[in-house]
Amino acid sequence: MVTYDMTKTPVVNVVDDIIANASKAGASDIHFDPRENSLMVRIRVDGDLQDYTEIPKIYERNLITRIKLIANMNITESRLPQDGSIKGTIKGINLETRVSTLPTNEGEKCVIRILDYSRSLQGIDTLGFNESNLSKLKKMIAEPNGIILITGATGSGKSTTVYSILQVLNKKETNIITVEDPIEMNLEGLNQVQVNSEIGLDFATVLRSILRQDPNVILIGEIRDSETAKIAVRASITGHLVLSTIHTNNSLSTIERLLDMNVERYLLSSALSGIISQKLAKMVCPHCRIKEPTTPYQKKVFKLALDKDVDEIYNANPKGCDKCNNGYHGRIAIQEVLMINDEIRSALNEENLEKEDLNKLVYTSDVITMLQDGLLKVLDGSTTFDEIYKIIDVDDDLDVYCKIRDIEYHENNENNNVVEKEEIKEEKEETEEKKENDIKINTDEEVNLPIIDIHTITKEDEVL
Ligand SMILES: [Zn+2]
């Protein structure tokens, strides 16, 4: 933790210093938490909050007021939540931030979100897409119409991907209009509209007007309701390329969500071009990572998901080094890119489409699933198995694959489901061998089934 001598340092300098240092540390957010006896300052780096400094309670009010002042907020109002922003240069760093305050029982809590779009400006080639996914993405955005959905939870890097795509599409012969809430980054050459629900300017209202503005490309910040979903589909049918985001986990749940929104199936099936799903995993520090043998459980996961025998992988060094945080530094996107093919299109048209049939169609297309992409990124030493296990429901995913491949995963492995992950290590050699054999036999039997695109996976391996 950093310590400030508040008796000698003006509050103005302390605030500048905290913001500048947080930005240098690559933090996404700075939290000013009022506690009973102090103001705790924490910063979020690579997804995790860490303590930065603790300010004596008597300086809390001045410090929060200073932030509100530079964020253009009402400094006399402390009982209601407020939003603001800081744009400009602090200690030589060019910054764009969003600021939010919230009255709590211990005082006014303040959070500064640091918007770092330097990454968006580096192009879609730098977003961590594997070769196959990148070429699918380029194909989808080269089409003059269709809907491309970018899905993932909050903080999964969706905005970065969206803005990177918009940059590729941003050409002088193209009219791009966005409707956003909020506009996270100003891009020269785009017409960006901020939603303002207080005066009735919601997504649907803006979208109806946008369609009369001769657009080529439309970005809908987020599809939250069925009205927006329906307009998005209609816009794409009438010859526009539509980009949007949606809060779902993967390609499958995105399709299900859209169907739940009562979007007309025949329109959706012809409009949807593809779904990009993503999550962020911490990157293992290349300076101190350690190579370790895989556990039987990890071996099994690699074998089932990638059809690969993996004996050792990189793990993070919990002690870390001077270049990282406990063995991790930065984050990498784990992605799944589904291009809608003719089979999926016609299936979407069917009223009584079963979830399992959809599963099968999606995972027998040439998609590299999020789990597969994550495991490939473990193999190339970008991230760790632990990180993938944390962000992806590995067992649920494997269960789906095995069902599709007719491998009776749970029956064959009654005693070593993930729940008992730790117990596997304790199992006797012979039992383990027997089980490994079972899996091998099953996998071998299924090798010719086109469930996982072996070709794509092999291509990836060559790159690794
Ligand atoms: Zn390190």
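At what angle do helix H1 and helix H2 pack? The model is predicted: local features need pLDDT of at least 70, side-chain atom pairs count only at pLDDT 80 or more, and totals for chains, interfaces and linings use all residues. Residues are numbered from 1 along each chain as its sequence is written.

H1 (residues 11-24) and H2 (residues 60-70) pack at about 65°, and their axes are 9 Å apart. Helices here are DSSP runs of H or I with at least four residues, strands are runs of E with at least two, and both are numbered from the N terminus. Axes are lines fitted to C-alpha atoms, for helices over the stretch in contact, and angles run from 0 to 180 degrees between N-to-C directions. On the H1 side, Val-11, Val-12, Val-14 and Val-15 meet Asn-62, Leu-63, Arg-66 and Ile-67 of H2; two residues are in contact if their C-beta atoms, placed from the backbone, lie within 7 Å.

Next come the cores. A nonpolar core is a set of buried Ala, Val, Leu, Ile, Met, Phe, Trp, Tyr and Cys residues joined through C-beta atoms within 7 Å. A residue is buried if 20 or more other C-beta atoms lie within 10 Å of its own, exposed if 12 or fewer, and partly exposed in between. The largest nonpolar core has 86 residues, and Ala-232 is among those with the most contacts inside it. Strand S12 (residues 272-284) gives the most to this core, with 7 residues. Another core, of 23 residues, lies apart from it and includes Ile-19 and Val-99.

Helix H9 (residues 296-306) is mostly covered, with 9 of its 11 residues buried. Among them are Lys-299, Lys-300 and Phe-302. Asp-307 follows H9 and has a positive phi, near 55°.
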